[in-house]
Amino acid sequence: MHIPDGYLSPQTYVPLYGASAVFLSIALKKMKKELAAKQVPYLAMAAAFSFLIQMFNIPIPGGTTGHAVGAGVIAILLGPWTAVIAVSLVLIVQALVFGDGGITAIGANCFNMAVVMPFASYGVFKAARGRAGQGRRITVAAFLAGYVGLTVSAAVTAVQFGIQPLIAAAPDGTPLYAPYPLSVALPVMTLEHLLLFGVVEGLVTALLLKYFLKHERTLVYVLREA
């Protein structure tokens, strides 16, 4: 899902840089107020976990790959604003040091995976679990949080690809950036996440939350917030 350089026009990536910067600024202010000193190591662990899980690329027919992000489970365990910081740091390091994702696309990648996904996952989890604090319902809610969060993030990314031929084309109509229209980009990216990558993200989210509910229940942000 990492967008490389050359796929998004300036009309797209500049506003997304701004949007991501606003969310990251708010997240940093909230972290100073809400994150206890003893939880700071967990922020570092969350970033390390997101970095690690994104290294496991799953190949699919057609020559492309995909991976889990971990933003959903971080949002549930530490809060969505903390997830914004942790996953943004990972994406920035990946782009600047490892060339995974373009420099011009850092804002877009942060918006898609570090903003959209944590808040989508967090909202789905809270809606699906109701008042449950344990048991099968909370496990299902965690799976749905990861599954839906990653799929929504992929759909937003697909829209950014799909609008490029409409907003940036040569005089003869040739697309200057991502060449695939919305009618191609949206179903392709959404389906592969609905059928495979979302399932992986959901399973990772459910299994990790189950572990923390058993061994570190007091850490789980969404339960403390309730």
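User: What is the mean pLDDT of the protein chain?
Analyst: This is a predicted model, so confidence comes first. Of the residues in the chain, 96% reach a pLDDT of 70 or more. The mean pLDDT of the protein chain is 92.

User: Which element has the highest mean pLDDT, and which the lowest?
Analyst: Helix 5, residues 106-129, has the highest mean pLDDT, at 97. At the other end, with a mean of 77, is strand 2 (residues 64-66). So the order asked for, highest and then lowest, is helix 5 and strand 2.

User: Which element gives the largest share of the largest nonpolar core?
Analyst: The largest nonpolar core has 59 residues, and Val 87, Phe 125, Leu 209 and Val 220 touch the most other members. Several elements give two or more residues to this core, among them helix 1 (10-34), helix 2 (40-53), helix 6 (136-162) and helix 8 (182-215). The largest share is 11 residues, and it comes from helix 5.

User: How many residues apart in sequence are Ile 138 and Phe 125?
Analyst: Phe 125 touches Ile 138, and also Ile 76, Ala 141, Ala 142, Ala 145, Leu 209 and Val 222, not counting residues up to four places away in sequence. The C-alpha atoms of Ile 138 and Phe 125 are 8.1 Å apart. In sequence, the separation is 13 residues.

User: Is Ile 138 buried or exposed?
Analyst: Ile 138 lies in helix 6. Beyond its neighbours within four places in sequence, Ile 138 is in contact with Phe 125, Arg 129, Ala 132, Gly 133, Leu 209, Leu 213 and Leu 223. Its relative accessible area is 2%, and buried means under 20%, so Ile 138 is buried.

User: Is Leu 77 buried or exposed?
Analyst: Leu 77 sits in helix 3. Its contacts, leaving aside neighbours within four places in sequence, are Leu 209, Phe 212, Leu 219, Val 220, Tyr 221 and Arg 224. Because its relative accessible area is 9%, Leu 77 is buried.

User: How far apart in space are Leu 77 and Ala 46, C-alpha to C-alpha?
Analyst: Along the chain, 31 residues separate Leu 77 and Ala 46. In space, C-alpha to C-alpha, the separation is 9.3 Å.

User: Is Thr 218 buried or exposed?
Analyst: Thr 218 is in the loop between helix 8 and helix 9. Thr 218 and Leu 77 are 141 residues apart in sequence, with 9.7 Å between their C-alpha atoms. The relative accessible area of Thr 218 is 65%, so Thr 218 is exposed.

User: Is Thr 12 buried or exposed?
Analyst: Thr 12 belongs to helix 1. Apart from neighbours within four places in sequence, Thr 12 is in contact with Gln 160, Ile 163, Gln 164 and Ile 167. Its relative accessibility is 7%, so Thr 12 counts as buried.

User: Is Ser 183 buried or exposed?
Analyst: Ser 183 is in helix 8. The C-alpha atoms of Ser 183 and Gly 162 are separated by 7.3 Å, with the two residues 21 apart along the chain. Ser 183 has 58% relative accessibility, so Ser 183 counts as exposed.

User: Which helix gives the largest share of the nonpolar patch?
Analyst: The patch lies on the surface and is formed by Tyr 17, Val 93, Leu 96, Val 97, Phe 98 and Ile 103. Together they have about 570 Å² of accessible area. The largest share is 3 residues, and these come from helix 4.

User: Is Val 97 buried or exposed?
Analyst: Val 97 is one of the patch residues. Val 97 lies in helix 4. Exposed means over 50% relative accessible area; Val 97 has 59%, so Val 97 is exposed.

Methods. Residues are numbered from 1 along each chain as its sequence is written. This is a predicted model: local features need pLDDT of at least 70, side-chain atom pairs count only at pLDDT 80 or more; totals for chains, interfaces and linings use all residues. Side-chain values use heavy atoms; hydrogens and water are left out. Patches are made of residues with over 30% relative accessible area and no salt bridge: like charges are joined within 9 Å, nonpolar side chains (Val, Leu, Ile, Met, Phe, Trp, Tyr) within 5 Å. Accessible areas come from the Shrake-Rupley method with a 1.4 Å probe; for residues, only the protein chains shown count as cover. A salt bridge is a side-chain nitrogen of Lys or Arg within 4 Å of a carboxyl oxygen of Asp or Glu. Helices (H or I, at least four residues) and strands (E, at least two) are DSSP runs, numbered from the N terminus. Buried means under 20% relative accessible area, exposed over 50%, partly exposed in between (1.4 Å probe, protein chains only). pLDDT is the predictor's confidence in each residue, from 0 to 100. A nonpolar core is a set of buried Ala, Val, Leu, Ile, Met, Phe, Trp, Tyr and Cys residues joined through side-chain atoms within 4.5 Å. Contact means heavy atoms within 4.5 Å.
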